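Hi,

Here is the structure I said I'd pass on.

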Amino acid sequence: MATVLTKGGSPPSKTTSPPSADGTNSATESKGANINISSETLSSIPPLGVAIAERRFWFQRAKSYDPTAIATQVSVFDDPDTAEKYQPRPDWENIHRFDPLERWTWGEEHRLIRKIDWRIMVWACIMFMALELDRANIGQALTDNFLGGLHMTTNGLSCLLEPQTHHPSRQLLTRGADYNLGNSIFKLAFLCAELPSQLVSKWMGPDRWIPSQMVLWSIVATAQFWLQGRTSFLACRALLGILQGGFIPDVILYLSYFYKHHELSLRLGFFWTAMSIADIASALLAYGLLHLRGVQGHAGWRWLFLIEGLMTLVIGIFAFLLMPAGPCHTASWFRGKKGWFTEKEEKIIVNRVIREDPSKSDMHNREPITPRLLWQSLKDFDLWPIYILGLVFQIPMAPIAQYLTLTLKGLHFDTFQANLLTIPYTVVHMITMLGITYLGEIFNELTLIAASGQIWALPFLIYLNSVDTASVNRWVIYAVTTLLLAYPNAHPIQVGWNSRNSNTVRSRTVSAACYNMFVQAGGIVSSNIYRKDDAPLYRRANKQLLAICCMNIVLYVLVKAYYLFRNKQKARKWEAMTTEERLEYLANTTDKGNKRLDFRFQH
C-alpha cells in the first residue's frame, strides 16, 4: 500500500490491486485519484538515516560502520508540501511497493545490492560478452586468411609484401578496402538501429526485446559459416548491425530499474569490463578454434563463426528465462513461484531508487514513447555536450585498436601469436577503466576524470608522430601500441552521466540511444582515418589522431564549463523564489526532466 504524507486530515482513498508487468490494473479508480493513499501525521513518521553515513563502496566504510543504522535517505517524499507533487503514477508497475514510510538498514541494503548484482548484473554482463563475441570475432578471423578466402581486395595490406617494406615495423597499420567497407556498414547499421530498438524495447519491455535481439543476431552470426564472397560478407555485417543496434542502451535502461545513479555508473564499469573479458576469451577461443582449419574441408574462421554464434543462441534462449520485467515481477515457473526477492526486499529496491530519482516513476516499463515525446527528447540541447563527447572521445585510439591483429601480422607475428598478443592491453584496459569509474564516483567529478583517457593517450600519440617507425624494433612498436590501447576508457562514466542528466524515463530512453549513435558515428570516422595514399607509415593519419586528442582535452573543459553555467542559471532563478513560489512551481510547472529549476546537472 502506497502512502502520502500530509499535515493532517484524511485525503480521499481508494483500493487498487498491484499493477502487473504489462501495466494492467483491475481496480476501478475514482476520477482525479493518483495512488492508493493513507494519511500519516508528521509525528508518526519513522526516523531517517544520517545522510553523511552513506559509504558508496566497501573500502570507504570506516571501522565505525554500523550495519544496523537506518539507511533510508532524505527525499522529497518526506516533506508533506512536496510529497504530493512527486507521487508516482497509478499505473507504475511498482506502485504497490512504494511507501515513503518504509525504512531499512545499511546491512539490509548492502546485502540486497549484492543479491541484485548476482541475479541481474552478472547476467547482463554475460549477455554483453555474447554481443562482443559476435561483433568482434571478425578481428580473429582476419588472422586466418579470412579476406583472401573470400577473394576480397586488400588495399594497403599488399604493401607488407613489397621489398622496400620488408622491415617488420615498417607498417604500423594496414587497411583492407572491403574490410573497411564492412566495418563502416556494420557501424552505420548499428547506429541506425539504436533509436528504433530503444523505442521497441520501451514498448515491449527490455525483458522481452533483449532476448529476442540475441536470438535473431545469433542466427545471422552462425550463418557466417557459409559466407561465399564480398556480397554475403557485407550483407551479414549489415544484418548484424541492425539486430545488435540498441542492445547496449536497452540493457542500461533495464539496469536503471534496479540501481541508484552512482551504483549504475560503477556497474557500467563492470559492464564494459565484461566486454574486455569477452575480448580475452575471444582471443583464447580463436587460438583453439582456428586450429580446426581443414576439419571437414573448411577454414578455421568458418568454425569460429559457427561455434561462437551457437554459444550466443544458447545465451539468448536463457535470457528469456532469466530477465524479469522488474524488481517486483521476478516470479515465474523458471525463477520460482515466489520470485527472487521477498516483499521487504522489493520495497527496499523500489523505495531506495525512487527516493533518489522520483522521475523513474514517470512511465510504465511497457509504455511506448509517442512521436511528441520522442521529439522533446531529441531536441534536449542540454544533453548534446555529452553526445559530442561520445562522438570524438574514442577516435584517437580506435583506428589502432580496430586494425591491431592485422598490424601484428604485418609485424611478422604468426596467426596465433597475433591473437594472443592482444590480451595484455585488454587486461590493463579493464583495470584502468574500472579505476577511473571508481574515482569519478569517489570524488564526484565526472568531466575531468573522464578526460584522463585523452591525457593518457597523448604521450604515445606524440611518440608515434616523432619517431621513424620503420627503424624501430617491432617489440617497441608493440609496447607503445599496447600501452596506448590500455587507456582508461570513459565510456561507463559518460553513459551513466548521460542517464543522470536526462532526469526522466522518456528522455533517458532516447538519450541512451542517441549517445550510442554518436559513439557509433565516431567509429565510422575512425574506420576511415588510415588511408591507402598515406601508407605505409600513415604520418598524416597519426597527426590527425594527435590533433583530435588535443581537441578532446579542450572539449572536456568546455563541457564542464557549460554545465557549471547552466546550474548557476537555474540556481539563480530558484533561489530568487520564496517558499510559497517554489511550492506553486512544483505543483503547476510544465517544465519536465532536466528543464526543471529544482534539477542540477551532474558534471
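What volume does the largest cavity have? It comes to about 1,100 Å³. Before you read too much into that, keep in mind that this is a predicted model.

**The chain overall**

The chain has 603 residues, and 58% of them are buried. Its secondary structure amounts to 23 helices and two strands. If you take the contacts between residues at least 6 apart in sequence, 81% of them join residues at least 24 apart.

**Cavities**

There are five cavities of 30 Å³ or more in the structure. The largest cavity has 43 lining residues, and those nearest its centre are Glu-132, Met-275, Asp-279, Ala-401 and Gln-402. Quite a few helices take part: H2 (106–142), H4 (177–204), H8 (261–289), H12 (384–392), H13 (398–402), H14 (404–410), H16 (423–442) and H21 (505–526) each give two or more residues to that lining. By residue type, the lining of the largest cavity splits into 20 nonpolar, 18 polar and five charged.

The second largest cavity holds about 160 Å³ of space. Its lining is made up of 18 residues, with Trp-92, Glu-93, Asn-94, Tyr-257 and Lys-360 nearest the centre. Helix H10 (343–356) and H21 each supply at least two residues here, and H10 has the largest share, with four. In this second lining, 10 residues are nonpolar, four are polar and four are charged.

**Aromatics**

The structure holds 23 aromatic pairs. Phe-77 sits in the loop between strand S2 (39–40) and helix H1 (80–83), while Phe-98 is in the loop between H1 and H2, so the pair ties together parts that are 21 residues apart in sequence. Both Phe-77 and Phe-98 are buried.

The charged end of Arg-237 sits over the ring of Phe-186, 4.9 Å from its centre. Lys-595 lies over the face of Phe-381, with 4.9 Å to the ring centre.

- Asn-567 is in helix H22 (residues 539–575). With a relative accessible area of 12%, Asn-567 falls under the 20% cut-off and so is buried. Leaving out neighbours within four places in sequence, Asn-567 is in contact with Arg-600, Phe-601 and His-603.
- Tyr-538 lies in the loop between H21 and H22. Its relative accessible area is 0%, so Tyr-538 is buried. Tyr-538 and Asn-465 are 73 residues apart in sequence, and their C-alpha atoms are 9.5 Å apart in space.
- Gln-296 has a positive phi of about 60° although it is not a glycine. You'll find Gln-296 in the loop between H8 and helix H9 (300–322). A relative accessible area of 67% makes Gln-296 exposed.
- Asn-444 also isn't a glycine, and its phi is positive, near 55°. This residue is in the loop between H16 and helix H17 (447–450). Asn-444 counts as partly exposed, at 48% relative accessibility.

Cheers

Key. Residues numbered from 1 in each chain as written. Predicted model: local features only at pLDDT ≥ 70, side-chain atom pairs only at ≥ 80, totals over all residues. Heavy atoms only, no water. Buried < 20%, exposed > 50% of the residue type's maximum accessible area, 1.4 Å probe, protein only. Contact = heavy atoms within 4.5 Å. 1 Å grid on protein atoms, 1.4 Å probe; cavity = no way out; pocket = protein on both sides within 12 Å on 5 of 7 lines; lining within 4 Å. Points joined across faces, edges and corners; volume = space filled by probe spheres on them. Nonpolar A, V, L, I, M, F, W, Y, C, P; charged D, E, K, R; others polar. Phe/Tyr/Trp six-rings, centres within 6.5 Å; stacked < 30°, edge-to-face > 60°. Lys NZ or Arg CZ within 6 Å of the ring centre and 35° of its normal.
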